[in-house]
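Morning, everyone. Please bring up the model on your screens, and we'll talk about salt bridges.

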Amino acid sequence: MTGTRERRGGGCVPEPEGPAWPSGDSDDEQRERSGDERTHELKRPAPDLHDQPTVWAQRPSTASAPEPPGDTTAEPPATGGEAAAADKAQPAGWFEEPTSQLPLPAARDGSAAEHPGADQQRTEPRAVPGPQPGQPQQPRQPQPPHQPQAQHQPARQQPAQAPAQQQQPAQQQTPPGERTVVTPGLDPARTGQQRQAPPHEHPTQPATPPPAGTHAQPMRIEPGMENVPAAASTGEQPAASAGQDGASAAPRKRRKRTLIGSGLALLLVIAVGVVLALPAVSNRLALPWAPNAPKADPPAAEPVNLSLRGPGDTPGPTADGVTAALQGPAGNAALGTLTGSVVDPATGRTLWERDAGTPLTPASTTKLLTAAAALLSLDHGAQFSTKVVAGEQPGSAVLVAGGDVTLSSLPAGEESIYPGAAHLDELVEQVKAASGGQVSSVSLDLNAFTGQPTAPGWAPEDTPSTYMADVVPAMLDGGRSSATDGKAMRVPNPGGVLAQQLAGRLGAQVAAPVTATAPQGAKVLGEVSSAPLRELVDTMLVTSDNLLADVLARHVAIAAGKDPSFAGGAETTLQVLRDNGFDLTGVELSDGSGLSTANRVPAKLLTELLAVAGAADGADPRTAKLRPMLGGLPVAGGSGTLAGRYTAAPADTGKGWVRAKTGTLSGVNTLAGIVLDADGRPLVFALMSAGSDLGPGQAALDGVAAALRGCGCR
């Protein structure tokens, strides 16, 4: 049966055949156009390109807007069996709901819309249930408010209706058998305008309403001729949009977190790459791209014999062998006047010598004599202190110098050029704690040393310079202007600088005059100590520290009860060596550093000292005391004053194998140390050149020592 329904703008549009309750089944488009082979359950109307399809939706709960109590007005009776059948096919609780506006399809021939008002948007009709067929129309009973069940609440709650709207009675009820078409954007309750639609034809087989508590899923027929399931409903207020928003928001948040995490990870990787590319970091971690990474494969490891005793089953070196090995290198004209000797410390035999008893200017090899005297006469663990005592006047303090010139000006925890040095800050903290911070003036007691601050034979430009300062018993960083630069310029008045630093950190003033004598038995406010003697000797030899050498010579004099001056230190040094059996014929000393050009030492004494230090264990009682002297010798091409030497042939064969103390003055080049020959036997040597230039003379001396490394000398 075909009905008609009203169309906006006038006229009627034929109502397509089909059930009021669409089936979930659908035929393909070809079958729909041909009109045959309909579904087994329900008929579906052929699509009308001039009208929009009907979409069914579930009636929302009436809990939010209950009908006014007492409204028992019966609905008008249905007109026609089609309306009754349609109402029977629709379960109770379903109603028409506004849907999104859809454009009308164009005419089949591509022309404009056929009907008046076709250019306007139309809405999809939804059915309102009618009375069941064969039953009389019952008056509408007021429905109790809907009781929500315990279930998951929708993501977005609908706003409650205003009381005025909730109390409005039903107006303009739809006549039986007709459907209401609701226009989007228009509220029928406010405008009172509803568009009526004729009922559908009664289906051949009525649809079974959904069981209680469940609702069948309606189908929406899109203009593209495909059935699209409508959103399922539970009878509560529609929450489709809230669910969709929540479902889409969660992936968006996850994607956002993923992007942020990926970005942070990328930034971290870039930051780590930048840090690892820094030269300081790559060098420290020995990374392949580090600037100081090896440019070639490392050399093959050489067997190392830690014992100074040569292999027992190997013939020892002979004098003829050593003479033959040194004939060429020792004849180098760049050496000027050369004296020297080579001794086998295992046997004490002299293997080669040239005017070894002739005294020459030793330069800094004089430090070997100073080191030997200190190691032979002083405790190897001795430390030199710097303390502050209370002065005679209230609030005054006196720094009592104890002969430590390595006191560091750096903060605690930072290392100066003197390893293990005490820190001025530590002394200041002790003084503050002991005095309660009540120190107002500071003075210095420098009576630990006597005599002139410079030695005979020094040039006027030697102090202050980059290699020497005035010799006083207390100063900061060896009198240097920088605590970390060994070649920094020394300050003119190192004691005065110390007094200013101490007073400034205590919040006090420097007394006038700055020097004073500490009271006998005065209260000690603070005290710090230097590194042990053995470490000081190492530092002196490796870096050829002139100031430290002359300070050690004074400590030797103090230990012997002699005058702690240049003269007293030199005299005591020679006396200690003489007392220990060393031949001092022709030796003259004016200082302990070798900076004085008045010093005279024969090469024979230098090799004798080294031979005792390198003798076999237990062979000589002096060896145990002098052995540390060998550890302080610079390594050829590796440390101290030999770090930049032994880099070119023929001297490069001695790189890493020669350890020696250097000596350099104008026209003077000396070298004394120890080397392992090709058989692994130690040989000690002393080479003294007079009248040689600096560069060529040093290279020539290095060549002689390297020749000893390359021979078995048998």
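Let's start with a question: are Arg 645 and Asp 702 buried or exposed? Both Arg 645 and Asp 702 are buried. Keep in mind that this is a predicted model.

Now, what do these two side chains do? Arg 645 and Asp 702 meet in a salt bridge, at 2.8 Å from N to O. The pair links distant parts of the chain, 57 residues apart. Arg 645 sits in the loop between helix 16 (628-631) and strand 20 (658-665). Asp 702 belongs to helix 17, residues 694-709.

Step back for a moment. How many salt bridges turn up in a search of the whole structure? The search finds 4.

Here is another one of them. Asp 425 pairs with Arg 505, and their closest N and O atoms are 2.5 Å apart. Find Asp 425 in helix 9, residues 424-435. Then find Arg 505 in helix 10, residues 494-506.

One more pair. Arg 622 and Asp 620 form a salt bridge through their side chains, with 2.8 Å from N to O. Buried means under 20% relative accessible area. Arg 622 comes in at 18%, so Arg 622 counts as buried. Asp 620 is at 19%, so Asp 620 is buried too.

That's my tour. Over to you for questions.

Notes
Residues numbered from 1 in each chain as written. Predicted model: local features only at pLDDT ≥ 70, side-chain atom pairs only at ≥ 80, totals over all residues. Heavy atoms only, no water. Helix = DSSP H or I, 4+ residues; strand = E, 2+ residues; numbered from the N terminus. Buried < 20%, exposed > 50% of the residue type's maximum accessible area, 1.4 Å probe, protein only.
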